[in-house]
Amino acid sequence: MPPLTAPCEGRLDVLVAELMNISRSQAARWIAQGRCQVEGVIALKAGQVVRAGAALAVDPPDLEEPDVTGEDIPLEILYEDDDLAVVVKPSGMVTHPAAGNESGTLVNALLYRMQGLSGIGGVKRPGIVHRLDKDTSGLMIVAKNDAAHLALSQQLKNRAIQKHYLAVVEGRMREEAGVIDRPIGRSRRDRKRMAVDPAGRPALTEWTCVERLRAATLLDVRIHTGRTHQIRVHMQSVGHPVAGDPLYGLKNGVPVPRLMLHAHTLRFAHPRSGADMRFEAPPPPAFQDAVRRLRLR
């Protein structure tokens with residue numbers, strides 16, 4: 001694979017994880033296996049400091065025979081070619097298998113329908129370039145080969161992929177638009193949650209008011225970074241948590257049937273041709289019905 005460029009100075013395992021869209025522990029394993037080079041020299045220490053702009057070469061292992069089986073689960077596919085697919089993940093579906101969710105995931109559905117998915121994410125995450133939370137619905141890109149996965153991951157790191165969400169948040173927001181620029185890290189009180197933390201990673205969320213509802217506001221939200229639970233944490237931090245959020249929401253918020261967050265627009269460059277790719281997916285009926293009821297209450 002062609003060398004990647006270190007976007008900033010930092011630890012080798014952190015940079016490899018960022019550039020390859022894998023976990024830091026997985027990056028450390030690849031480094032220990034001699035799969036990473038810095039300026040043409042094999043690097044075996046995960047903690048090696050790499051200067052900004054240095055050339056990084058990574059040789060991902062071949063995808064092992066997956067122990068995840070394909071399942072005939074209904075899945076909306078908006079687009080598919082030899083390099084990628086764009087799918088609509090429903091609310092309630094986990095993106096990839098993990099403890100407690102070994103079946104019924106998006107990956108199970110993909111394996112039933114597609115061959116030769118990218119193996120960079122590992123056997124549990126074939127083709128997965130980015131994730132959506134279980135209860136978030138909407139558009140996702142799936143990589144069908146490693147070259148496409150690497151190119152799309154690079155676009156993610158360069159913030160070149162535009163992702164817009166529709167969100168219903170608690171309360172009526174006064175402003176027409178705003179930007180939330182607050183770092184996010186793992187909560188120090190509850191490891192299942194994320195939180196705004198000065199020591200966390202940079203996170204930037206831009207929002208625009210679409211419609212003011214009764215005791216709620218419908219927003220168009222664009223994320224410029226991809227932190228775990230980013231929209232949910234950022235909206236809670238400004239006093240307007242996403243409606244129906246079981247982790248960060250209000251106990252007695254507006255009545256909704258689900259987490260009111262839907263990835264509705266996705267724009268990126270095709271990893272092979274460079275063509276401008278743009279997709280839209282309207283929110284599912286339960287989301288739209290909830291918005292209508294909030295207009296009438």
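The legends below describe close-up views of a predicted model.

**View 1. Helix α4 and its surroundings.** Helix α4 comprises the twelve residues 146–157, and the distance from its first C-alpha to its last is 16 Å, close to the 16 Å expected at 1.5 Å a residue. Along this helix, Ala 148, His 149, Leu 150, Leu 152, Ser 153 and Gln 155 are buried, and the elements that cover these buried residues include α1 (12–20), β9 (137–143) and β16 (261–269).

**View 2. The two ends of helix α4.** At the start of the helix, Asn 145 places a side-chain oxygen within 3.3 Å of the backbone nitrogen of Ala 147. Beyond the other end, Arg 159, which lies just after α4, adopts a positive phi of about 60°.

**View 3. The open sheet β1-β6-β3-β4.** Four strands, with antiparallel pairing, make up an open sheet in the order β1-β6-β3-β4. Strands β1 (4–5) and β4 (41–42) form the edges of this sheet, each of them pairing on one side only. Strand β1 runs antiparallel to β6 (residues 55–58) and is joined to β6 by two bridges; within this pair of strands, Leu 4 stands opposite Leu 56 of β6.

**View 4. Helix α1 against the sheet.** Helix α1 lies across β1, β3 (36–38) and β6, and runs at about 70° to β6. Helix α1 is also among the elements covering the buried residues of α4.

**View 5. The tilted pair of Tyr 79 and Phe 279.** The count of aromatic pairs in the model comes to two. In one of them, Tyr 79 and Phe 279 are tilted, with 5.6 Å centre to centre and 50° between the planes. Because Tyr 79 belongs to strand β7 (residues 76–80) and Phe 279 to strand β17 (residues 276–280), this pair ties together parts that are 200 residues apart in sequence. Tyr 79 is partly exposed, at a relative accessible area of 26%, whereas Phe 279 counts as buried, at 12% relative accessibility.

**View 6. The stacked pair of Phe 268 and Phe 279.** The ring centres of Phe 268 and Phe 279 are 6.1 Å apart and their planes stand at 25°, so this pair is stacked, planes under 30 degrees apart being counted in that class. Since Phe 268 is part of strand β16 and Phe 279 of strand β17, the pair ties together parts that are eleven residues apart in sequence. Phe 268 counts as buried, with 2% relative accessibility. Together, Tyr 79, Phe 268 and Phe 279 form one aromatic cluster.

Technical notes
Residues are numbered from 1 along each chain as its sequence is written. This is a predicted model: local features need pLDDT of at least 70, side-chain atom pairs count only at pLDDT 80 or more; totals for chains, interfaces and linings use all residues. Side-chain values use heavy atoms; hydrogens and water are left out. The expected span of a helix is 1.5 Å times one less than its number of residues. Buried means under 20% relative accessible area, exposed over 50%, partly exposed in between (1.4 Å probe, protein chains only). Contact means heavy atoms within 4.5 Å. A polar contact is a pair of N or O atoms within 3.5 Å; within protein, one must be able to donate a hydrogen and the other to accept it, and residues adjacent in sequence count only if both atoms are side-chain atoms. Two strands pair if DSSP finds at least two bridges between them. Axes are lines fitted to C-alpha atoms, for helices over the stretch in contact, and angles run from 0 to 180 degrees between N-to-C directions. Rings of Phe, Tyr and Trp (its six-membered ring) pair if their centres lie within 6.5 Å; planes under 30 degrees apart count as stacked, over 60 as edge-to-face and the rest as tilted.
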